[in-house]
Structure formats: structure tokens, C-alpha cells
Amino acid sequence: MACSQDIDSSAAETPAASARIDVDAQSSTIDVTLTPAAEDTLAKLLELADTGTYNSLARLADQTPGFVSNYGGVNHKDFWYLKYRTGDWPTRQLGKVLAYPPGVEETSGGRVFVWPYMALAGPLDVTPDVARDMTELVGDWQAEAVRAGQAYQGYRVGVREDGVWLYFFAGEGF
């Protein structure tokens, strides 16, 4: 079940489509303990998801050199404004993603906590519970796509163990 892909510790250049999700085989629960710094960042992100705007998300993202919100090189504020205008509200998506437990990605720069945990699932990780969560968040096609070796397509959030918010994007990765 474990597979690892390194990302640069100073930026979010290559978030893994597959890494480690710790699923207790008997209870199908995710067991991840966040660092205090990651807990602080999670609290900020949850507050933004609840009461923030795409502008406030962009202000926080701009504090991290190399933060990734999209693949086209568009600045975060403009990109999230476009998402907002099309009805794909970034703060709503952030809240949905953070409602799930994180998985853990081991990188050369340390651990990265990735929400939702199923963003790190590989073909053999798609248990009925994981498939249910993928269906709830992304759609009924996502579990079969991952089982077939395709990357998770939904939104994901990455927070390094030192509390640095690395990315919030949707799609396959880089």
C-alpha cells in the first residue's frame, strides 16, 4: 500500500498522486497525527473555509513561495476568482476536502499531510470505504479510475509538517 514520491521541501512542485494512506484494516479508519504546526495551519484553513473568501485564500497562499493553486501559472487570486465565478467556490471546496482525514506523504523535505486521504490512494488502496468517500467527494467514476491506475482528480490540500501550506488544487498533479 505504500508508495512514495518526493517533493521539494521549499515548494509544492510535484505533489504525489500516490503515497501512503494509513488505513486500519480492521476499522477502516484513518490514523494520522498532525504536528502542532500543521494543526495550527489546519485551524486557519478551516476558518477560511467557513468565513473566508477567495481573496483571503490568495493572501495566505501568497505567503508561501512556490504555492500551487493551478497548472497555468495564473496568480492565485485571479484563478480562484474564475473558479468562484463559475460556481466552483474555492472556500466551499476547501471545506469539503478538509472534512476528510488527511493521508501522509513522505518526502525528502519531511512529511506532508494531504487532504483528503484518498488523494493518495493507489489501485490497491481502494477499499469499499475509500470508494464511498471518493464517490461522495468527486463522483462515482473516481474509484474505478484510481483502481485502473489513473490519478485522483479531485481537490487536494497539502500542508508540510512544519505548518507550511503547500498546495490547494484539483486534477492529476504536475
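Is arginine 160 buried or exposed? I looked this up first: arginine 160 counts as buried because its relative accessibility is 9%. My cut-offs are under 20% relative accessible area for buried, over 50% for exposed and partly exposed in between (1.4 Å probe, protein chains only). Arginine 160 also forms a salt bridge with aspartate 162, with 3.0 Å between the closest N and O atoms. By salt bridge I mean a side-chain nitrogen of Lys or Arg within 4 Å of a carboxyl oxygen of Asp or Glu. Aspartate 162 is partly exposed, at 44%.

**Ground rules**

I'm working on a predicted model, where local features need pLDDT of at least 70, side-chain atom pairs count only at pLDDT 80 or more, and totals for chains, interfaces and linings use all residues. Residues are numbered from 1 along each chain as its sequence is written, and side-chain values use heavy atoms, with hydrogens and water left out.

**Overview**

I noted 6 helices and 4 strands in the protein. These are DSSP runs numbered from the N terminus (helices: H or I, at least four residues; strands: E, at least two). The order from the N terminus is α-α-α-α-β-β-α-α-β-β. Of the 174 residues, 49% count as buried. I then checked contacts (heavy atoms within 4.5 Å). Among those with a separation of 6 or more, 58% come from residues 24 or more positions apart.

**Helix 3**

Which residues of helix 3 are buried? I got His76, Phe79 and Trp80. Seen down the helix axis they fall within an arc of 90°, so they line one face of helix 3; the arc is that of the directions from the axis to the C-beta atoms. Their cover includes helix 2 (54-61), helix 4 (90-98) and strand 4 (165-170). Leu82 and Arg85 are exposed on the face turned away from the buried side.

At the start, a side-chain oxygen of asparagine 75 comes to within 3.2 Å of the backbone nitrogen of lysine 77. After the helix comes glycine 87, with a positive phi near 90°.

Tyrosine 81 sits in helix 3 (residues 76-85) and is partly exposed, at 32% relative accessibility. Together with Leu82, Tyr84 and Trp89, Tyr81 makes a nonpolar surface patch of about 380 Å². For patches I take residues with over 30% relative accessible area and no salt bridge, joining like charges within 9 Å and nonpolar side chains (Val, Leu, Ile, Met, Phe, Trp, Tyr) within 5 Å.

Lysine 83 is in helix 3 as well, and it is partly exposed at 21%. Its side chain meets that of aspartate 88 in a salt bridge (3.0 Å, N to O). Aspartate 88 is buried, with a relative accessible area of 17%. Beyond four places in sequence, the contacts of lysine 83 are Asp88, Trp89, Pro90 and Tyr155. I also checked tyrosine 54: it is 29 residues from lysine 83 in sequence and 9.0 Å away in space, C-alpha to C-alpha.

**Helix 5**

Here Val130, Ala131, Asp133, Met134 and Leu137 are buried. They cover an arc of only 165° around the axis, which puts them on the same side of helix 5. Helix 4 and helix 6 (142-147) are among the elements that cover them. Pro128 and Glu136 are exposed on the face turned away. Glycine 139 follows the helix, with a positive phi near 145°.

What does the side chain of aspartate 133 make a polar contact with? I found the side chain of tyrosine 117, at 2.4 Å. A polar contact is a pair of N or O atoms within 3.5 Å; within protein, one must be able to donate a hydrogen and the other to accept it, and residues adjacent in sequence count only if both atoms are side-chain atoms.

I noted a cis peptide bond from tryptophan 115 to proline 116, with omega near -10°. Proline 116 is in the loop between strand 2 (110-115) and helix 5.

Methods: Accessible areas come from the Shrake-Rupley method with a 1.4 Å probe; for residues, only the protein chains shown count as cover.
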